Amino acid sequence: MALSRAHLQLAVEAADRASGRLRRVIDAHFSHYCVGAVAPDARIRTETGRAATHFFEFLEPCTWGRATAELFAARPALADPESVSAAQAAYVAGYVAHLAVDEVFVHFCQVHARSTERTVSIGLTYALERDWNVPVESLARAAAAVHPFDSSGIDLIVQAEPLSNLTRWAHSLALAKSPADIVRVFARADGRPDDPAEADRIAAERVAAGRKLFGEDVAERFAALAAEEIDRRLAAYERGDGARYDSPSLRAGLDAAPPATSGDVRA
């Protein structure tokens, strides 16, 4: 799936495009919005754990595009931004943005999403990252907002301790200056040696694999589709229509496919 860096960049860009009450809510509670934008990844690292926080099944195309509605089916008290605190509404808006990005991710993977071969999903994960050669103001803002974070008084949807751990990673990933920096963040988190040369090699291989499979312009195409999907979902949430949101185009041609073999295909 997409990493925290991409989730934060796409979410902040969407916030900058927003207007009306939801824009004011996000501006006033920007930290809540940014943490919401990474929160679904505060989960048990299994396929079941993913579904519990993402509200769709990576291996089941018939569930793609419906995650926002499933979130609000599970948490109906959160569906109307007018009936919750502004901080809660900002957090939920970020959460919705995350679900949009990850459902676009499986849409890009198409039939590959249903394979237990991780090369495809990892390649896409790294190839969709962008804006390495210029300072990214949206990511600098997100890094400052995402950690530390005061979670008191809101429904996090996920467990608090994994989320606190995740925000530390998200802060580091938001400040990454290259794909190799991302590899090194995960190496340190896993207690593995931090070898810059090895990180450069691994990152280059992953980016090349993703671009070979999905095209040299995959980052730009992914960002454009993800932006459209986030904007539609945030607009639906602001109207109070999030519980009815569906994006059938994200599963077009795959929703009637037979079940895939189970397995953990996380990026």
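A: Asp241 is partly exposed in this predicted model, with a relative accessibility of 24%. The side chain of Asp241 forms a salt bridge with that of Arg239, at an N to O distance of 3.0 Å. Arg239 itself is exposed, its relative accessible area being 56%.

A second pair consists of Asp246 and Arg251, whose closest N and O atoms are 2.8 Å apart in a salt bridge. Elsewhere, salt bridges with shared partners connect Glu103, Glu229, Arg232 and Arg233 into one network.

The total number of salt bridges is 21. One of these pairs is Arg130 with Glu13, where the side chains meet at 2.7 Å, N to O. Arg130 is in the loop between helix 7 (118-127) and helix 8, and Glu13 is in helix 1 (residues 4-17), so this contact ties together parts that are 117 residues apart in sequence. Arg130 is buried at a relative accessible area of 17%, while Glu13, at 23%, is partly exposed. The cut-off for buried is under 20% relative accessible area, which is why Arg130 at 17% falls in that class.

His147 and Pro148 are joined by a cis peptide bond, with omega about 0°. Pro148 belongs to the loop between helix 8 (137-146) and helix 9 (160-174). Ile157 is also found in the loop between helix 8 and helix 9. Ile157 is not a glycine, yet its phi is positive, at about 70°. With a relative accessibility of 11%, Ile157 counts as buried.

Another residue other than glycine with a positive phi is Phe55, where the value is near 65°. Phe55 sits in the loop between helix 4 (47-54) and helix 5 (67-74). The relative accessible area of Phe55 is 15%, and the residue is buried.

Key. Residues are numbered from 1 along each chain as its sequence is written. This is a predicted model: local features need pLDDT of at least 70, side-chain atom pairs count only at pLDDT 80 or more; totals for chains, interfaces and linings use all residues. Side-chain values use heavy atoms; hydrogens and water are left out. Helices (H or I, at least four residues) and strands (E, at least two) are DSSP runs, numbered from the N terminus. Buried means under 20% relative accessible area, exposed over 50%, partly exposed in between (1.4 Å probe, protein chains only). A salt bridge is a side-chain nitrogen of Lys or Arg within 4 Å of a carboxyl oxygen of Asp or Glu.
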